[in-house]
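User: I have a model open and would like to go through it slowly. Could you start with a term I will need, and then we look at the details?

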Amino acid sequence: MATAEQGAEDDTDEAPGPDTGTRTGTGEGTRAADAPDAVPGDAGAGNAGAGGERAQVVSGRRGLLADASLSAVLAGLITVVVSCSGPLLVVLAAASAGHLTDEQTASWVWAACVGSGVTCAVLSWWTRMPVITAFSTPGAAVLVGSLGDYAYPQAIGAFLVSGLLMALVGLTGVFGRVMRRVPPGIVAAMLAGVLFSFGVDLFSALDGAPLPVLASLAVYLAVKQRSPRYAVAWALLAAVLATAVAPGIHASSVDIGLTLPVFTAPELTGSAVVGLAVPLAVVTMASQNAPGLAVLAACGYRPNDRLLITATGLASTALAPLGGHAVNLAAITAAISTGEEAHRDPRRRYVAGLACGVFYLLAGVCGAALVGLFAALPPELIAVIAGIALLATFSTSLAQAVADERGRDAAVVTFLTTASGVTLGGIGSACWGLVLGLVTHLALTARRRRDVQDEAV
């Protein structure tokens, strides 16, 4: 996905070739310091012996102003808009199930957005990759059904334990080693399956809002022929203008005001740890962090799993007393800022992560107003924005998934399972897609080995 689109650009930087030394069987590869055209990775990882290499990477970096672009900033904005629309409603449903007060609910939104914003900005700046984080939507879904069984201080204690568990898993590096052994075709198929529903929702919106869909799609295709970097931005503008005409945006219910966090002392109990902390940690790691690493890998980056998962786990721990349930790597929304629509040069897409962090922070400070804002936006507008922003990433992922004929069956199983949206044991379809795809891959690989051995005999 690191290939450059051909088109009339006012940007003179050349994009690097696809995955130049970026992915091997062990997850190692030519570092950015040694290969100027390589996609960034492992910068600031803190691995043994990496200090000199990090110094080389830093010395070769350009300034933020030189790397900044309108397309990357808009990608960060769209990422936050999509992340704070549907997922935020799940958090509000969990807060309602737990009988939280308005102040506690606003503090939860503040912690979720500020935690995502800080980790987005810091990790993107540190690694020079578009590291997109978010609050755990599957985790919030788990809390919808169980939060009401515990006192709020007990839930806070469970959030704290869950964050520590994720940080410890990140420190071991086991999670990343497992993810690096997943074949690239399966990773691409999982990403395509995750994004499938957004493409379908884009055209399903034709029923309720044909004008925004057709206007944004027409503008997107027209601008893409001349300036691919700005196609999404113009399509976004067209969708907003068309929606304002029909059916219209009603923002009168938005109440502007600052949100202040509310501290709650955690209470540790065995029942809350078993009933809330462990399921929350498992679901977040499987349904968010695993696809999040896969999205970065599918876009040609070499994410340092120890750094990213440990950092988000510690952020979750720190924000638990303020109501934050979990901060993790984003999966679906990450594709908006990691693909070529953010910038054709993968080395400059980290700006989208920085912009995403800034917009998350603004959303957190105005948490109460954020709730009213997204309640006022027509759902068709969100569907159009997300669908248009993810079109290019979906098509590229689908092409990569079926490129290798030998791994095509496993990729198809992964894609269909992920796209189905099935949830088993509280684990989302993205994780099950990876699992069933790997099972298919291992079964077919074993069969081929037996056939080769039989032919040799």
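Analyst: A residue counts as buried under 20% relative accessible area, as exposed over 50%, and as partly exposed in between, with a 1.4 Å probe and only protein chains considered. This is a predicted model, in which local features need pLDDT of at least 70 and side-chain atom pairs count only at pLDDT 80 or more, while totals for chains, interfaces and linings use all residues. Residues are numbered from 1 along each chain as its sequence is written, and side-chain values use heavy atoms, with hydrogens and water left out.

User: OK, so is Arg128 buried or exposed?

Analyst: Arg128 is buried, because its relative accessible area is 8%. Arg128 sits in the loop between H5 and strand S1 (133–135), where helices (H or I, at least four residues) and strands (E, at least two) are DSSP runs numbered from the N terminus. Its phi is near 60°, which is a positive value in a residue other than glycine.

User: And what about phi of His99?

Analyst: Phi of His99 is near 55°, again a positive value in a residue other than glycine. His99 belongs to the loop between helix H4 (86–97) and H5, and His99 counts as exposed because its relative accessible area is 66%.

User: Changing topic, how do H5 and H15 pack?

Analyst: Helix H5 (residues 102–127) and helix H15 (residues 350–365) pack at an angle of about 160°, with their axes 7 Å apart. That makes H5 roughly antiparallel to H15, since angles over 145 degrees count as roughly antiparallel, under 35 as roughly parallel, 65 to 115 as roughly perpendicular and the rest as oblique. The axes are lines fitted to C-alpha atoms, for helices over the stretch in contact, and the angles run from 0 to 180 degrees between N-to-C directions.

User: Which residues make the contact?

Analyst: With contact meaning heavy atoms within 4.5 Å, the residues include Trp110, Val114 and Trp125 of H5 and Tyr350, Leu354 and Tyr360 of H15.

User: Where does Leu442 lie?

Analyst: Leu442 lies in helix H19 (residues 429–456), and it counts as exposed because its relative accessibility is 57%. The C-alpha atoms of Leu442 and Ala410 are separated by 8.9 Å, although the two residues are 32 residues apart along the chain.

User: Last one, how many helices and strands does the protein chain have?

Analyst: The secondary structure of the protein chain comes to 19 helices and 2 strands, and of its 457 residues, 55% count as buried.
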